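Biologist: Please take a close look at the disulfides in this model and at the helix packing beside them. I would like one connected account.

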Amino acid sequence: AKDCLWHHWDTSAWRPVDSARLNMADSDGIQFGSFELAKSKGGRKLTLLISHKGMVRTLAQLWVNCRPGHQLSAKIKMSSPKDLHFVRGELAPGRLSLATGLGGEVNGMSTDAEFAVTSDWAALGGSPAAASYFKMVDTTGRGLNLMECSQEDKEKHAKTCRKYLGDSTDALHKEVMDDCIFDLCSGGGETSAELAAEILRAE
């Protein structure tokens, strides 16, 4: 991330924003939900609200944190377990952790290649203004390749991650711990462990 700022379009330009509410409406102009952006412990929280049969409920909450010059960290919570099948990509439940790879060892494969999106943002359903913004700020470069990480290195990184994450048998804790080790193996430094702890405890 360059500066970790969120932006919104105010009819003439993109401007930084700390909190905002965006209403969603169908083709007839009938509102059926909204996105609400707010500050939260350790970053930003995006809440998706859905209106159905006169009732408004929280469908999902997405927490995002970052440091300038480092990766974004995110987690999502669905209000109803039956809605989990809608969660895809890197946030999908049960996705194999990138910390271990298929054979239990960190290897030299490119990261996140399976989630790459080459379509224009507008073609995916976004606004033309947002598509123009992404085209303006995005740069094309080579993908991040995993560094070689020996068992000794992984144990050292696990100690650093444990310093911030603590110990737990919780499934989410284990997943964040694995991702933290992966990030340190990829040269993320101790800041990556701090980010992992923040996203784990975000609420």
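**Disulfides and the helix contact**

Modeller: The torsion about the S-S bond of Cys149 and Cys185 is about -55°, so this disulfide is left-handed. The pair links distant parts of the chain, 36 residues apart: Cys149 sits in the loop between helix H1 (128-137) and helix H2 (151-165), while Cys185 belongs to helix H3 (residues 171-185). The model is a predicted one, and in it the S to S distance of this bond is 2.0 Å. Cys149 and Cys185 are both buried.

The structure holds two disulfides. The other joins Cys161 and Cys180, with the sulfur atoms 2.0 Å apart. The torsion about its S-S bond is about -95°, so the Cys161 to Cys180 disulfide is left-handed. Cys161 lies in helix H2 and Cys180 in helix H3, so this bond ties together parts that are 19 residues apart in sequence. Cys161 is buried, as is Cys180.

Next comes the packing of H3. The axes of H3 and helix H4 (residues 190-201) come within 9 Å and cross at roughly 160°, which means that H3 runs roughly antiparallel to H4. The crossing of H3 past H4 is right-handed. On the H3 side the contact is made by Leu172, His173, Val176, Cys180, Asp183 and Leu184, and on the H4 side by Ser192, Ala193, Ala196 and Leu200. Of the residues in this contact, seven are nonpolar, two polar and one charged.

Methods. Residues are numbered from 1 along each chain as its sequence is written. This is a predicted model: local features need pLDDT of at least 70, side-chain atom pairs count only at pLDDT 80 or more; totals for chains, interfaces and linings use all residues. Side-chain values use heavy atoms; hydrogens and water are left out. A disulfide is a pair of cysteine sulfur atoms within 2.5 Å. Helices (H or I, at least four residues) and strands (E, at least two) are DSSP runs, numbered from the N terminus. Buried means under 20% relative accessible area, exposed over 50%, partly exposed in between (1.4 Å probe, protein chains only). Axes are lines fitted to C-alpha atoms, for helices over the stretch in contact, and angles run from 0 to 180 degrees between N-to-C directions. Angles under 35 degrees count as roughly parallel, over 145 as roughly antiparallel, 65 to 115 as roughly perpendicular and the rest as oblique. A crossing is left-handed if the near helix is turned anticlockwise from the far one by less than a right angle, and right-handed if clockwise. Contact means heavy atoms within 4.5 Å. Ala, Val, Leu, Ile, Met, Phe, Trp, Tyr, Cys and Pro count as nonpolar, Asp, Glu, Lys and Arg as charged, and the others, Gly among them, as polar.
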